[in-house]
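Try each task with the model open before you read its solution.

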Amino acid sequence: LAYEWDKRIETAESPARRMWPLVIRSMSVHSAIAGAVVQAAPYVFYAEIFFFPIVLAGASLVVMLPVRHFAGLERARLQRALRALITVQLALVAGGLPCLLPSVTAWLIFVVLWCACGALAADRLWAKEAAK
């Protein structure tokens, strides 16, 4: 019937192989690092050196995302290292921001960065599937 009426036919696409375990692993690593930052933040904050690492992680994150994008999938070791660095940087910023600015907005950014970590892992897998 859809062919007779010239309707658009969309087919379902299965998720990338091993997508959910890798996304959950990436988000778990992010949660562990961000949790450690939130736990250590009061002690480091009183030492008055807390602001600098968070700003440095945020600035290097701005640099790492384009580098990851333009590095290409054929450089597997570089991609793996960049993925690990980006996960750590996202966690540092996400864990440190609510401690620097204790407001609802900072906690919302914490959740958004947690989701972004999983989205980056899923994006990598979809890019790998599309390249096949």
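**Exercise 1.** Is Trp114 buried, partly exposed or exposed?

*Solution.* A word on the ground rules comes before the steps. This is a predicted model, in which local features need pLDDT of at least 70 and side-chain atom pairs count only at pLDDT 80 or more, while totals for chains, interfaces and linings use all residues. Residues are numbered from 1 along each chain as its sequence is written, and side-chain values use heavy atoms, with hydrogens and water left out.

Step 1: recall the classes, where buried is under 20% relative accessible area, exposed is over 50%, and partly exposed is in between (1.4 Å probe, protein chains only). Step 2: Trp114 has a relative accessible area of 32%, so Trp114 is partly exposed. Step 3: find Trp114 in helix α4; helices are DSSP runs (H or I, at least four residues) and strands likewise (E, at least two), numbered from the N terminus. Step 4: leave aside the neighbours within four places in sequence, and Trp114 is in contact (heavy atoms within 4.5 Å) with Met27, His30 and Ser31. Step 5: from C-alpha to C-alpha, Trp114 lies 9.1 Å from Ser28, although 86 residues separate the two in sequence.

**Exercise 2.** Describe the overall fold and the helix that holds Trp114.

*Solution.* Step 1: count the elements of the protein chain, which has four helices and zero strands. Step 2: of its 132 residues, 30% count as buried. Step 3: take the contacts between residues at least 6 apart in sequence; 72% of them join residues at least 24 apart. Step 4: turn to α4, whose 28 residues reach 40 Å from first C-alpha to last, close to the 40 Å expected at 1.5 Å a residue (the expected span is 1.5 Å times one less than the number of residues). Step 5: pick out the buried residues of α4, including Phe110, Leu113, Cys117 and Ala121.

**Exercise 3.** Which residues does Thr87 touch, leaving aside its neighbours within four places in sequence?

*Solution.* Step 1: Thr87 lies in helix α3. Step 2: its relative accessible area is 9%, so Thr87 is buried. Step 3: beyond those sequence neighbours, Thr87 is in contact with Ser26, Val29, His30 and Cys117. Step 4: the side chain of Thr87 also reaches the backbone oxygen of Arg83 at 2.9 Å.

Now compare Gln89, which is found in helix α3. Gln89 is buried because its relative accessible area is 8%. With neighbours within four places set aside, Gln89 is in contact with Ala57, Ser60, Leu61 and Met64.

**Exercise 4.** Which residues line the largest cavity?

*Solution.* Step 1: a cavity is a set of points on a 1 Å grid over the protein atoms alone where a 1.4 Å probe fits but cannot get out, and lining residues have an atom within 4 Å of a point. Step 2: the count is one cavity of 30 Å³ or more. Step 3: the largest cavity has a volume of about 70 Å³, volume being the space filled by probe spheres set on the points. Step 4: its lining is made of Ser26, Arg68, Arg83, Ile86, Thr87, Cys117, Leu120 and Ala121. Step 5: α3 (76–100) and α4 (104–131) are the elements that give two or more residues to this lining.

Definitions and conventions:
1 Å grid on protein atoms, 1.4 Å probe; cavity = no way out; pocket = protein on both sides within 12 Å on 5 of 7 lines; lining within 4 Å. Polar contact = N/O pair within 3.5 Å; in protein donor to acceptor, adjacent residues only side chain to side chain.
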